[in-house]
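Here's a quick tour of the model, meant to be read with the structure open beside you.

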Amino acid sequence: MDATLPDIDAAEAMLAKLAAMDFALAQHLHTCAMNTDDAAEMVELSRAYQRIARSTRQSLALHARIKRDRVRDTRENPPSPAAPPPTPRRDPHRIAERRDALRAPVQRVIWSEHEPLDADDPDEAGYYFDLLEERLALGVRDNTFGLTVEDGAWTVEAFDEHVVRVCRSLRLPEVAARAWRDLPDPPPEALRPEDPDEDADDGDPLARLDSA
């Protein structure tokens, strides 16, 4: 059976051990050369010491090059991300519960960033409130809404992280999103009432999806 080449970690370990043995031998030869009184023996020991010292330097240099090559290869060829697990079965109750829970925290962030200073200011908050509803309606179409992958399996996403992610999609500051619990709710009059005719025509997007 043919011998196989060692992997990179084993090769590095062997080179490190070889360099250590070369260094120990070089120390021994140096001690012998310093303790001998025979000129000819000192010359031979000195030559042997020089050869072992050169071998030690070469082993250390090769060891360092292998480490550099491995780091460069890892940087230039990162491992492919693991494939996500299969799409989970749809859970309408969980999705609707998470959608409804997200609304108030994100509305707080919107109001803290776009509260009008006076009645003449443009209603930027209303625009973002409407945009939030659009993003939520789009998000609930995905079975993975409110989920994240951990250790190759779907698990419930941390609520605060989901708030931050929705705020980021609205280009709201992450600092404010992470502090949403400390922010006040917008006044009821700031929230635009839903158009009854629009509701009659469109209905709840989540309900429509679940009944499809």
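## Aromatic pairs

Rings of Phe, Tyr and Trp (for Trp, its six-membered ring) pair if their centres lie within 6.5 Å; planes under 30 degrees apart count as stacked, over 60 as edge-to-face and the rest as tilted. By that rule, the structure holds two aromatic pairs. The tyrosine 127 and tyrosine 128 rings sit with centres 5.2 Å apart and planes at 80 degrees, so this pair is edge-to-face. For exposure, buried means under 20% relative accessible area, exposed over 50%, and partly exposed in between (1.4 Å probe, protein chains only). Tyrosine 127 is partly exposed at 49%, while tyrosine 128 counts as buried at 17%.

Then there's phenylalanine 159 with tryptophan 180: centres 6.0 Å apart, planes at 75 degrees, so edge-to-face. This pair links distant parts of the chain, with phenylalanine 159 in helix 5 and tryptophan 180 in the loop between helix 6 (174-178) and helix 7 (196-202), 21 residues apart. Phenylalanine 159 is partly exposed, with a relative accessible area of 21%, and tryptophan 180 is buried at 9%.

## What you're looking at

This is a predicted model: local features need pLDDT of at least 70, side-chain atom pairs count only at pLDDT 80 or more, and totals for chains, interfaces and linings use all residues. Residues are numbered from 1 along each chain as its sequence is written, and side-chain values use heavy atoms, with hydrogens and water left out.

The protein has eight helices and two strands. Those are DSSP runs numbered from the N terminus: helices are H or I with at least four residues, strands are E with at least two. Along the sequence the pattern reads α-α-α-α-β-β-α-α-α-α. Of the 212 residues, 29% count as buried. Contact means heavy atoms within 4.5 Å, and of the contacts with a separation of 6 or more, 70% come from residues 24 or more positions apart.

## Helix 3 against helix 5

How do helix 3 and helix 5 pack, and at what angle? Helix 3 (residues 92-114) and helix 5 (residues 159-169) meet at about 60 degrees, with axes 10 Å apart. Axes here are lines fitted to C-alpha atoms, for helices over the stretch in contact, and angles run from 0 to 180 degrees between N-to-C directions. The two helices are therefore oblique to each other; under 35 degrees would be roughly parallel, over 145 roughly antiparallel, 65 to 115 roughly perpendicular, and the rest is oblique.

On the helix 3 side, Arg98, Ala101, Leu102, Pro105, Val106 and Val109 meet Phe159, His162, Val163, Val166 and Cys167 of helix 5. The buried residues of helix 5 are His162, Val163, Val164, Val166 and Cys167, and they pack against helix 3, helix 4 (124-139) and helix 6.

Aspartate 151 has a positive phi of about 55 degrees although it is not a glycine. You'll find aspartate 151 in the loop between strand 1 (147-150) and strand 2 (153-156), where it counts as exposed at 84%. Arginine 171, also not a glycine, has a positive phi of about 60 degrees. Its place is just after helix 5, and at 78% arginine 171 counts as exposed.

Finally, serine 59 lies in helix 2 (residues 39-76) and counts as buried at 7%. Leaving out residues up to four places away in sequence, serine 59 touches Leu15, Leu18, Ala19 and Asp22.
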